[in-house]
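Hi there,

Here is the structure I promised to pass on to you. Have a look through it first, and then read my notes below.

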Amino acid sequence: MADRPHQLLVHPQRHYNGGPKSQRGPSATKILAVLGGLPVGGTLLALAGLTLVGSMIGLAITTPLFIICSPVLVPAAIAIGLAIIGFLSSGALGLTGLVSLSWVLNYLRQASRSLPQEMDQAKRRMQDMAAYVGQKTKEVGQEIQSKAQEGRRT
């Protein structure tokens, strides 16, 4: 392998520039969009900075007040939070109770509609069963009687 000469292939590289349109530069609509967007974006960025500075100043002024009043504010916040949780859980439990009662009532309504049909079917099944048992009893009685007669003859 070492005695073989190495061959180097050179391929000419062709670059695609996107055609004649890409050599012109950005279009007029893109330039107008950038020129229109710069003042709007700059104004919004300035307003965001002013809002941040105002928030920091307000926080710096009110922090000592919060520290002084914290023995009152913290328990008040906890009490308000617990009251909100209580109201929300009571509403959720009440809604769950109403939904479950509604389900039970609908179930009972459907059961009361189909109850007479089920009772009729049960009556028919009981009558059929009684007739079957009567027939079997009669057959067994006849068999016993016939065996008893055969036993007398022998």
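A search of the whole structure, which is a predicted model, turns up one aromatic pair (rings of Phe, Tyr and Trp, the latter by its six-membered ring, with centres within 6.5 Å; planes under 30 degrees apart are stacked, over 60 edge-to-face, the rest tilted). Trp 103 and Tyr 107 make this pair, and they are stacked, at 5.7 Å centre to centre with 15 degrees between the planes. The two sit about one helical turn from each other because they are four residues apart in helix α1, residues 28–153 (a helix is a DSSP run of H or I, at least four residues, numbered from the N terminus). Both Trp 103 and Tyr 107 are exposed (over 50% relative accessible area with a 1.4 Å probe, protein chains only; buried is under 20%, partly exposed in between).

Helix α1 also holds the salt bridge, and the count is one (a side-chain nitrogen of Lys or Arg within 4 Å of a carboxyl oxygen of Asp or Glu). Glu 139 pairs with Lys 136, with the closest N and O atoms 4.0 Å apart. They are three residues apart, about one turn of the helix. Glu 139 is partly exposed at 35% relative accessible area, and Lys 136 is partly exposed too, at 38%.

Leu 38 is another residue of helix α1, exposed at 57% relative accessible area.

On conventions: residues are numbered from 1 along each chain as its sequence is written. Local features need pLDDT of at least 70 and side-chain atom pairs 80 or more, while totals for chains, interfaces and linings use all residues, and side-chain values use heavy atoms, without hydrogens or water.

Best wishes
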